[in-house]
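Dear colleague,

Please find below the structure I promised to hand over, followed by an account of what was found in it.

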Amino acid sequence: MGQHKCEGFTCELCGSKYNALFGLRRHIQEKHSGNRVSCSECNQTFAAERYLKEHLKFAHTNEYLTCELCGVQCKWEASMIRHMRRYHQK
Ligand SMILES: [Zn+2]
Ligand SMILES: [Zn+2]
Ligand SMILES: [Zn+2]
């Protein structure tokens with residue numbers, strides 16, 4: 001049944017639906033060309049997985065790194081390293 005479905009086009013990669021083929025094509029080109037990875041939370045895409053990870057950390061979690069020595073909290077590993085150098089360097 002349903003051979004003549006005209007409900008549009010579905011992206012096989014992420015399930016997004018478009019009612020026009022050109023819309024789907026543009027979507028695939030924008031979202032799935034190359035090795036781009038997309039955030040499952042907000043659909044932003046990134047050129048590499050490490051950018052996505054940073055984005056996830058920044059935009060979708062409240063996770064902080066805590067300095068064991070003084071309790072200061074940093075969102076980024078890099079700023080924690082900077083903090084350690086600045087305040088706890090022997
Ligand atoms: Zn898609
Ligand atoms: Zn996101
Ligand atoms: Zn500290």
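Asn43 counts as exposed, because it has 10 C-beta neighbours inside 10 Å, and a residue needs 12 or fewer to fall in that class. Please bear in mind throughout that this is a predicted model. Asn43 sits in the loop between β3 (37–38) and β4 (45–46), and although it is not a glycine, its phi is positive, at about 65 degrees. Cys42 belongs to the loop between β3 and β4 as well, and it too counts as exposed, with 10 C-beta neighbours inside 10 Å. From Cys42 to Ala78 there are 36 residues along the sequence, and the two lie 25 Å apart in space, C-alpha to C-alpha.

The C-alpha trace spans about 75 × 25 × 15 Å along its principal axes.

Turning to the helices, α1 (residues 21–32) has twelve residues, and the distance from its first C-alpha to its last is 15 Å, close to the 16 Å expected at 1.5 Å a residue. Just after α1 comes Gly34, which takes a positive phi of about 65 degrees.

Helix α2 (residues 49–60) also has twelve residues, which at 1.5 Å a residue should span 16 Å, and the 15 Å between its end C-alpha atoms agrees with this. Is α2 largely covered or largely in the open? The number of buried residues among its twelve is zero, so α2 lies largely in the open.

Helix α3, for its part, reaches 15 Å from its first C-alpha to its last over twelve residues, close to the expected 16 Å, and it is hardly covered, since the count of buried residues among its twelve is zero. Arg86 has its place in this helix, which comprises residues 77–88, and Arg86 is exposed, with 8 other C-beta atoms within 10 Å. The C-alpha atoms of Arg86 and Gln44 are separated by 35 Å, the two residues being 42 apart along the chain.

Thr10 is found in strand β1, which comprises residues 9–10. Why is Thr10 classed as exposed? It has 12 other C-beta atoms within 10 Å, and exposure is assigned at 12 or fewer, so Thr10 falls in that class. If its neighbours within four places in sequence are left aside, Thr10 is in contact with Gly15 and Lys17.

With best regards

Terms used. Residues are numbered from 1 along each chain as its sequence is written. Chains are lettered from A and ligands numbered from 1 in the order in which they are written. This is a predicted model: local features need pLDDT of at least 70, side-chain atom pairs count only at pLDDT 80 or more; totals for chains, interfaces and linings use all residues. Helices (H or I, at least four residues) and strands (E, at least two) are DSSP runs, numbered from the N terminus. The expected span of a helix is 1.5 Å times one less than its number of residues. A residue is buried if 20 or more other C-beta atoms lie within 10 Å of its own, exposed if 12 or fewer, and partly exposed in between; C-beta atoms are placed from the backbone. Two residues are in contact if their C-beta atoms, placed from the backbone, lie within 7 Å.
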